[in-house]
Amino acid sequence: MKGKEEQVRKYLIVGVLALVVGGAPAVVSALESLGLDDAQTVWVPARFHEDGKPALYIRGERYYGPEGNGVVPGFLRVGDRYLVAVGSAAALDARLSQPLYYYFVDQEGATLEEVGRVPATFEVRVGDHAVYGEQRGLRSQLNFEGVDVEGAPASGPGEILDAVPASGGGWYIFDEYASSGDGQWISIEYESAEAVNTRIMRRTHWHEDDINGFFSTWAAFVDESPLADTVRTGRWTWLHGPGAGNDASAGEYELRFIRLAEVVPGRVRGAPEGEPLIVGSAGDPAEAREWADRTVLFERDGATWAGQWNADGDYGLYQVDGGAPPEYVDAFTGGGEVRALITPRGTLLYMADGSAGYLVDQGRAVDGETLTEALGRYGMVAGD
């Protein structure tokens, strides 16, 4: 009987403490509900990590390749093991290249075997069937080579301006379409995995110093592979606009990217359904790059959403797939970079300085102390 009384007394004490601290245990529980407390894998991009290198944690321990290299720019879960890419220098210096090594790794973090390597890689693209390394080809154009989930060599598009994987092994390709007297026409095309079904999605005029490119969400991933936005959400951020030497006020050359309440579901100027979302404008190329680079795309309730600051200094959540009005996050004020942690159970957005966080699916703010303690377990540190 005495033991039962002691147990009841402990429960009462815990309940009183919870009331005194204003519900803090509920917030901790909410963070844990994302799976951070018992995560199988946590992948952290270079810009979030304390040593400036992308890292993969398996059961709470950082993974290192057989040679002691802990630079992991991408991985895929393959049944009861992982296909892990190790060693791309792009995470450290975009001007350098290094071989990209591929290993099968078990669920405890032990390396099983090396299954391939790609020389001279820069950036990495993670599709749903393979992890690709970007190589620089002739005329500074790009080739994509990698290893697939079976451990076999995998080739992507070659001698193009840029590309990102699509679901099912396909690609979205950004490349020159035709030349004209004062520049070129560029196209965004979809190519199926069999490369027999290529569809032009958009053509745009391009001067030599214009800005063009795909941007993918910077995010940490818990118990998920760091898939490209085009695979994960079916959307991407595409920035197109004039270089510093051109007239930024020329209508068709405005800088375009996901932004504000100007979001139009799936189309621009009557473009076909399924075209990437390309909306908004900025005052100069540097501002546009920053907006595009800091756009966060995530899934919520079966739809794709974008997180972004608006012109009034409010952080809003915009449903890319249409319908819902913007939601504004009261937890964030004053501007600055908002980072994302994406899990199968929900999405956490947080200020890069660690001052505040926001659990999107629960509509709940997270205080800075709770946030930094949770993220610190995986080398994620506060700071722009």
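I worked from a predicted model, in which local features need pLDDT of at least 70 and side-chain atom pairs count only at pLDDT 80 or more, while totals for chains, interfaces and linings use all residues. Residues are numbered from 1 along each chain as its sequence is written, and side-chain values use heavy atoms, with hydrogens and water left out.

**Entry 1: strand β20.** I took helices (H or I, at least four residues) and strands (E, at least two) as DSSP runs, numbered from the N terminus. For exposure I used relative accessible area: buried is under 20%, exposed is over 50%, and partly exposed is in between (1.4 Å probe, protein chains only). How many residues of β20 are buried? I found 7 of the 7, residues 303–309, so the strand is largely enclosed by the rest of the structure. I then checked the two faces. One carries A303, W305, G307 and W309, the other T304, A306 and Q308, and all of these are buried.

Next I looked up the neighbours, where two strands pair if DSSP finds at least two bridges between them. Strand β19 (residues 296–300) runs antiparallel to β20, with 5 bridges. In that pairing, E299 stands opposite T304. Strand β21 (residues 315–319) is also joined to β20 by 5 bridges and runs antiparallel. There, Q308 has G316 as its bridge partner.

**Entry 2: positive phi.** Most residues other than glycine have a negative phi. I noted two residues that depart from this. D301 is not a glycine, yet its phi is positive, about 55 degrees. The hairpin of β19 and β20 has 2 residues between the strands, and D301 sits in it. D301 is exposed, at 72% relative accessible area. R59 has a positive phi near 50 degrees. I located R59 in the loop between β2 (55–58) and β3 (61–62). R59 is partly exposed, at 44%.

**Entry 3: helix α5.** Which residues of α5 (residues 368–376) are buried? I listed G368, T370, L371, A374 and L375. On the face turned away from the buried side I found the exposed residues E369 and E373.

**Entry 4: salt bridges.** I counted a side-chain nitrogen of Lys or Arg within 4 Å of a carboxyl oxygen of Asp or Glu. The search of the whole structure gave 13.

R47 came up with two partners. D293 forms a salt bridge with R47, closest N and O atoms 3.0 Å apart. D293 is in helix α4 (residues 285–293) and R47 in the loop between β1 (41–44) and β2, 246 residues apart. R47 also forms a salt bridge with E337, at 3.2 Å. E337 lies in the loop between β22 (327–328) and β23 (338–343), so this pair ties together parts 290 residues apart in sequence. E337 is buried at 6% relative accessibility. R47 is partly exposed at 26%, and D293 is partly exposed at 25%.

Last, I checked D162 and R125, whose closest N and O atoms are 2.8 Å apart. D162 is in strand β12 (residues 162–165) and R125 in strand β8 (residues 124–126), so the bridge ties together parts 37 residues apart in sequence. Both are buried. Salt bridges that share partners join E123, R125, E134, R136 and D162 into one network.
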